[in-house]
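Open the model in your viewer and keep the sequence panel beside it. This tour tells you what to select next and what is there.

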Amino acid sequence: MAPRQLHLNVNTLNAGFYSSAWRAPSSDPRAYADIAHYVKVAQIAERGTFDAIFLADVPAFSDRPDLRPFQALEPTIVLAHVAAATEHLGLIGTASTSFNDPYNLARRFASLDIASNGRVGWNIVTTADASAARNFGTDELEAHANRYERADEFADVVTALWDSWEDDAFVGDKGTGHFIDTAKVHPIEHRGRHFSVRGPLNVPRSAQGRPVLVQAGGSADGIRLAARHAEAIFSVAHTLEEALAFAGSVRTQARTFGRNGDDIVILPGLAAIIGSTEAEARRREEELWALTPGDYGLRRVAGILKVDPASLDLDGPLPDVARPVDGMQTFFDALVGAADREKLTVRQLIRRFGGSTGHRVIVGTPEAIADDIEAWFTAGAVDGFNLMPDVLPEGLEVFVDHVVPLLRKRGLFRTHYSGRTLREHFGLPRPASRFAPGTAVCAPRIAAGR
């Protein structure tokens, strides 16, 4: 059996994971809305033989746009440009099930998958940002459970649409004039609680069959959604024990849905600050923290907790706070867990979570970063990481030039691409159309729901 292979994505959070990254000397403040910036990041990632570039998204003018860049450009448009400028790198984009229509989303991602020769993944999110709801005709978000119920059915519809063409439906015989074998293009006849979609899609299957399904979210509802649908998961884990528990939970639940849980690629977020010495890395961290506005971190932590910032005593422990029924449950759990585990004050929590993304941060030399990655990977807690450099593109270049060679030398990471599709990068099988002979046809959903 071939040894396990580490997987690495770059999570392209515009200027970098630190809220102050746009103020770093090497940064261009306009990069957040510059296609050339994302193309450059992608080309560096491809030079490092990364599996994919990943773009998050929130369809709203939110967070603190007066203080930091945000996810402005629509991901599939950016990824179309990236596809034209790269040959192998996977392209994973976020699209919300709360504020999209299944047919249009399926068509958009299928088109990008064909344009890139099978390198696309869809990151399924439900959107926890209330300001986004107000852009789509409602004053507030649906309840958490309702959003995930809709997401579950949404994913059913999208995958059925991607499967609605058999692989050999295209004929294109000039002599006979036969263009498409319509007997091999199938209506999906979906009737569910949230959607009624006849199908079929008007886009054929791609080189990898269909885009890879990715999920991000660690609530109970999120884990269930991942266990049922996801082929790769972007998770949050601050300790090895947390990562092992999460992997065990999602793989066990996947088996209850008749899936092989071991095939799911689990990739927690990992923010890295790298220096040639530990002192240099710590100095870089201090410089980025010094550029972070004073109240930004406090408001970010208070926002995760859903409390008034004035209620937090900076030098006291975190007060007892109820877990939000709606909102960012995954990051709430990470923040509260760190406070309980390490007995952190609110000020220390702000330092840990307020300047960045809420994911695990490691600060050190290339050797220390490689050691950490190897330890988590060989323990079986993860299949790789969704890497978040401190500043882009500079931090990614340092990782590719100084950490990747160490991972390759240790036999953990590829030296070259052996495949062309995202599924091949992740070691995932190419799925057959569910409508092809010998496969089970997905039964129509009925209006009563589950």
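## First stop: P69

Select P69: this residue is buried, with a relative accessible area of 12%. (Buried means under 20% relative accessible area, exposed over 50%, and partly exposed in between, with a 1.4 Å probe and protein chains only.) P69 sits in the loop between β2 (52–55) and α2 (75–85). Helices here are DSSP runs of H or I with at least four residues, strands are runs of E with at least two, and both are numbered from the N terminus.

Which residues are in contact with P69, leaving aside its neighbours within four places in sequence? They are N14, A15, W22 and Y32. Contact means heavy atoms within 4.5 Å.

A word on the ground rules. This is a predicted model, in which local features need pLDDT of at least 70, side-chain atom pairs count only at pLDDT 80 or more, and totals for chains, interfaces and linings use all residues. Residues are numbered from 1 along each chain as its sequence is written, and side-chain values use heavy atoms, with hydrogens and water left out.

## Zoom out: the whole chain

You will find 14 helices and 13 strands. The radius of gyration is 22 Å, close to the 22 Å that the globule rule gives for 450 residues, so the protein is as compact as a globular protein of that length. That radius is taken over C-alpha atoms, and the rule is 2.2 Å times the number of residues to the power 0.38.

Along the principal axes, the C-alpha atoms fill a box of roughly 75 × 50 × 40 Å. Buried residues make up 55% of the 450. Look at contacts with a separation of 6 or more: residues 24 or more positions apart account for 78% of them.

Switch to a surface. The protein exposes about 19000 Å², and carbon and sulfur atoms supply 52% of it. Accessible areas come from the Shrake-Rupley method with a 1.4 Å probe; for residues, only the protein chains shown count as cover.

## Colour by confidence

Colour by pLDDT, the predictor's confidence in each residue, from 0 to 100. The mean is 91, and 95% of the residues reach 70 or more. Then select residues 441–450, where pLDDT is below 50. Beyond near neighbours in sequence, this stretch has 23 contacts in the model. Where pLDDT is low, the predicted coordinates should not be read in detail.

Select A31, in the loop between β1 (7–11) and α1 (35–47). A31 is buried, at 5% relative accessibility. Leaving aside neighbours within four places in sequence, A31 is in contact with H37 and Y38. Show N14 as well. The C-alpha atoms of A31 and N14 are separated by 6.9 Å, at 17 residues apart along the chain.

## T97

Move to T97, in the loop between β3 (90–96) and α3. Is T97 buried or exposed? At 0% relative accessibility, T97 counts as buried. Not counting residues up to four places away in sequence, T97 touches W122, I124, V125, T126, R147, R150, A151 and F154.

## Two positive phi angles

Go to N117, in the loop between α3 (102–115) and β4 (120–125). N117 is not a glycine, yet its phi is positive, at about 60 degrees. N117 counts as exposed, at 51% relative accessibility.

Next, select E189, in the loop between β6 (178–180) and β7 (190–191). The phi of E189 is near 50 degrees, again positive in a residue other than glycine. E189 is partly exposed, with a relative accessible area of 31%.

## Two cis peptide bonds

Show the backbone from G199 to P200. The peptide bond here is cis, with omega near 0 degrees. P200 lies in the loop between β8 (196–197) and β9 (212–216).

Then jump to L392 and P393. A cis peptide bond joins them, with omega about 0 degrees. P393 is in the loop between β13 (384–389) and α13 (394–409).

## Last stop: D263

Select D263, in the loop between α7 (240–256) and β11 (265–274). D263 is partly exposed, at 41% relative accessibility. Its contacts, leaving aside neighbours within four places in sequence, are E231, R251 and L428.
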